[in-house]
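Subject: Structure handover

Hello,

Here is the structure I promised to pass on. Please open it first, then read my notes below.

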Amino acid sequence: MASIFSRIIAGEIPSYKVAENDKFYAFLDINPMAKGHTLVVPKQETDYIFDLDDDLLAEMTLFSKKVVQAIEKAIPCKRVGVMVIGLEVPHAHIHLIPIQKETDLILTNPRVKLSSDEFEKIAEAIRGNVK
Ligand code: AMP
């Protein structure tokens, strides 16, 4: 069965899309650690990110860089923190999280609650800055 992220990429499950090309899809995390928390996912369904081919992993990093630059323009933050967890969804992904301080990356922090309207506005703001 396809992963939840493959179903999102296929458009079977809605998402707040931020960027897409032929190999990758970026969208807002539904349970964000901060406004603008984005996931970058390869369209090829592979569980563990470090099982991806070297070329695809390198391209994923460069695609993530574009998304980071757009997040930085759209969301006030000091840095965009990068995390790989992968314990919940077995489809490789990179978390991009706007942060002000180190402790913003503590996984057990309370999550930000947003309305669908707020999610859509954030996604639109980031999307508008993707080069
Ligand atoms: P992990 O696999 O541990 O890196 O965590 C998976 C991440 O995917 C979590 O931060 C979830 O909030 C996020 N997530 C799970 N389902 C969805 C979904 N349908 N849309 C957006 N984000 C999701």
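Keep in mind that the model is predicted.

Strands β2 (residues 24-28) and β3 (residues 38-42) run antiparallel and are joined by five bridges. Both sit in an open sheet of five strands, with antiparallel pairing and the order β1-β2-β3-β5-β4. At its edges are β1 (17-20) and β4 (79-83), each pairing on one side only. On average, neighbouring strands of this sheet are turned by 20° against each other, direction ignored.

Next, the helices. Helix α2 (residues 54-74) lies across β1, β2, β3, β4 and β5. Its direction is at about 155° to β3. Helix α3 lies across β1, β2 and β3, and runs at about 30° to β1.

Now the aromatics. The structure holds five aromatic pairs. One of them is Y48 with F50, an edge-to-face pair. Their centres are 5.6 Å apart, with 80° between the planes. Y48 has 46% relative accessibility, so Y48 counts as partly exposed. F50 is exposed, because its relative accessible area is 51% and the cut-off for exposed is over 50%. Elsewhere, F5, Y25 and F27 form one aromatic cluster.

Last, a loop residue. E102 is in the loop between β5 (94-99) and α3 (116-127). E102 counts as exposed, because its relative accessibility is 71%. The C-alpha atoms of E102 and G81 are separated by 8.8 Å, and the two residues are 21 residues apart along the chain.

Best wishes

How values were computed
Residues are numbered from 1 along each chain as its sequence is written. This is a predicted model: local features need pLDDT of at least 70, side-chain atom pairs count only at pLDDT 80 or more; totals for chains, interfaces and linings use all residues. Side-chain values use heavy atoms; hydrogens and water are left out. Helices (H or I, at least four residues) and strands (E, at least two) are DSSP runs, numbered from the N terminus. Buried means under 20% relative accessible area, exposed over 50%, partly exposed in between (1.4 Å probe, protein chains only). Rings of Phe, Tyr and Trp (its six-membered ring) pair if their centres lie within 6.5 Å; planes under 30 degrees apart count as stacked, over 60 as edge-to-face and the rest as tilted. Two strands pair if DSSP finds at least two bridges between them. Axes are lines fitted to C-alpha atoms, for helices over the stretch in contact, and angles run from 0 to 180 degrees between N-to-C directions. Contact means heavy atoms within 4.5 Å.
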